[in-house]
Amino acid sequence: MALQNYRLLILFLFGTLATGTHAWLYNLPGQCCYNIVAAYAANMNVTDQTYGGCDNDLVAATYVNCLVTAEGKVDKKAISYLLVDICQGDYMYYGTTVDDVMNDYEKYKDKFVDYATLNSTDIVNLPVTTNMTMYDEEIEYLDNYYYNVIKATVFAEIMYGMWVGLFLVVGSYNLLKLMAPKFYNNFQLNWLRQYFLLPALIRARHNRAIPFIGYLPLRSEFLVMAIHVIYNILVCAVHYSPAYPNYYDVPSRQLLEIFIAHRTAILSFAHMPLLVIFAGRNNFLSAVTGWSFSTFNFYHKWLGRITFVHASLHAILWSASYAQYYSLSESYSEAYMRWGAVATVLGALIVMLAWYPIRSYFYEAFLYMHIVLAALFIAGSWYHVMVEDFGYNQWLIVAFSLWAFDRVLRLARIVVNGSRRDAIVEHVGEGVLRISISHKHPTNFYSGSYTFVHFLLPTVFYQSHPFTAFPESESSNNLIVIGRVHKGMTKTLNNAVLAADGSRQLKVLLDGPYGKSHSMVRYDSVMLIAGGIGITGALSYVTPLLTTAKNMRISVIWVVRKESALKWIAPELQKLSSSKKLELNIYITESLQEENKMETTESINEKDSIESPNITRSRPNITEEIAKFVGSSAGSAAVFCCGPAGMNDEARAATSNNLNSCKAKVEYIEDIFGW
């Protein structure tokens, strides 16, 4: 079979899918009859002017006669399929109606040429009767083919059903915590939380990265993704029926390659909406599940890898089929093949550049390259299927719509926050910036929330960075953001502030708030553990608790390297130190020279008039502190942690091991923004 005929086969097989994946259920006879008409043209050298265009009355008459002969009646849906799905999309059949096609059939009703009398050199100028043997073989082949194609879509729909089911289960679990706290605190559920929901996959290592690998998931996250991976492997390995002999004389091995290629293509496309929504800031699923950005980001990364594996299998199998049975080099003269190759290469680049060492050391470059490459990947996939009208573009439309929706909401948040806000950025030592942002409604930034801040400097205005934000005080119209200087945008900002003698006024844009707020007032005892700059997360909770909580036991542990860190939050520390409602313990882990220590303490106290809090010059045993706190809690207890990766992992493990040390429920809350 010549390559052009093979291409003709592909076009026919995909024709109905351009308007919907399940179109074959009602137009299979119509497609089969059109394929037979085209087979006369392709196999018998009938000129394209005679039988190659839908605007030809002989084509219309032959098509209707095929339907009548095969089905015993005129199927107007099948004729509509000819006009809408095939002809109007590709040819010059605009304005033609079903009645026009029927009139062509009636005009030639008694003038059909018997297909059996024709040979390969005949040029026919009359309609041709239907070869029913050809029809039966063709419809059996197409039915078998579409059975395999449709099954791939069904598998994709089941995959979405599994995710929706998971979201409903997790949402119901969260609702149960609010509505029935007593049920939430029982031995069986605590066992599930202790060994499955809370712990890291291996050795309490969740937030600490493993060199060249990255971050390990929680056991629950691992199980979800393992089920997803296993499901994708299974559905790509079962339920194929490459029957031979068949109408197109395609070997069963080649058919199997084609069927697997189609299934992996559909599953690859089906992952794209999930990829987009899991990576978006305005992810409504976070409100349902309560999952953090880090959890969705973990799923996003693995779904991306699975998408690429499916796309690669699709490309490899199609290329192998062409190379074995036709001409691979000639196949790339087709635009859809070239676009498919482009999309596959882009997918490979996305996966390789997302490798942890590259992503961590060159994060800002990775981020923008990731966005650009992802957009080009979707564009390449779009042209791959649309240049020949193969279909399946519905998945891409949904993915792009979700992306556009997220971007529109980001702009809307910036507008709602008052667009260009005034901010004062101060360098407060130890590579830390304290930022005070004017805002009419600072209380909109709830406990546990974070916001993306755009600093309107010439070289970084297009970038944004996530920060925990909290109101300066009840009477103030300022938001406070405290951030550590790293590479990239924060380094540029810090240099600009230092050039202005340590304080500079800027305009900023606020895209937020985001994140989930945990209702701490529901607990009888709350321990807030913070490390370094993580004190901002603790402050966003403890400040309103001092106003709303009455008989709550509140314990705050802040671990810093140097005493000079106290001036990061000097105004807030003054308030915490003077409060009788909480126990504040500050641990300084780095030994200072006596003269430096005295100078630091004196400068802080003179400038900010801080009453001396309970300062210990050592590193706390987080495990012991949590065990002691939970064990001594008379009622429900919550442990909050926001700090370095090791501290978070230790706090998670300690809380998990002490779930049954308290008579009431014990909750662990982690505030971390992991990429």
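Predicted model: local features only at pLDDT ≥ 70, side-chain atom pairs only at ≥ 80, totals over all residues.

Reply: Residues are numbered from 1 along each chain as its sequence is written, and side-chain values use heavy atoms, with hydrogens and water left out.

Start with the sulfurs. A disulfide here is a pair of cysteine sulfur atoms within 2.5 Å. The structure holds one. Its partners are cysteine 33 and cysteine 66, with sulfur atoms 2.2 Å apart. The link is left-handed, at -80° about the S-S bond. It ties together distant parts of the chain: cysteine 33 sits in helix 2 (residues 24–43) and cysteine 66 in helix 4 (residues 57–71), 33 residues apart. Helices (H or I, at least four residues) and strands (E, at least two) are DSSP runs, numbered from the N terminus.

Both ends are covered. Cysteine 33 is buried, at 0% relative accessible area. Cysteine 66 also counts as buried, at 1%. The cut-offs are under 20% for buried and over 50% for exposed, with partly exposed in between (1.4 Å probe, protein chains only).

Cysteine 32 is in no disulfide; the nearest cysteine sulfur belongs to cysteine 33, 5.8 Å away. Cysteine 32 is buried, with a relative accessible area of 0%. Further along, the sulfur of cysteine 642 has its closest cysteine sulfur in cysteine 641, and at 7.3 Å that is too far for a bond. Cysteine 642 is buried, at 10% relative accessible area.

Now the sheet. Six strands close into a barrel, in the order 1-2-5-4-3-6, with antiparallel pairing. Neighbouring strands are turned by 40° against each other on average, direction ignored. Those angles come from axes fitted as lines to C-alpha atoms, for helices over the stretch in contact, and run from 0 to 180 degrees between N-to-C directions. Two strands pair if DSSP finds at least two bridges between them. Strand 3 (residues 450–455) and strand 4 (residues 465–471) run antiparallel and are joined by four bridges. Threonine 451 has phenylalanine 467, in strand 4, as its bridge partner.

Strand 6 brings a backbone detail. Proline 513 is found in this strand, residues 503–514. The peptide bond from glycine 512 to proline 513 is cis, with omega near 0°. Most peptide bonds are trans, and most residues other than glycine have a negative phi.

Two residues have positive phi. Glutamate 430 has phi near 55°. It lies in the loop between strand 1 (421–427) and strand 2 (432–438). Glutamate 430 is partly exposed, at 36% relative accessible area. Phenylalanine 212 has phi near 70°. Its place is the loop between helix 9 (187–197) and helix 10. Phenylalanine 212 is exposed, at 58% relative accessible area.

Last, the surface. Val154, Ile158, Met162, Leu223 and Ile227 form a nonpolar patch of about 380 Å² accessible area together. Helix 7 (132–179) and helix 10 (219–235) each give two or more residues to it. Helix 7 gives the most, with three. Isoleucine 158 is in helix 7. Isoleucine 158 is partly exposed, at 41% relative accessible area. Patch residues have over 30% relative accessible area and no salt bridge; like charges are joined within 9 Å, nonpolar side chains (Val, Leu, Ile, Met, Phe, Trp, Tyr) within 5 Å. A salt bridge is a Lys or Arg side-chain nitrogen within 4 Å of an Asp or Glu carboxyl oxygen. Accessible areas come from the Shrake-Rupley method with a 1.4 Å probe; for residues, only the protein chains shown count as cover.
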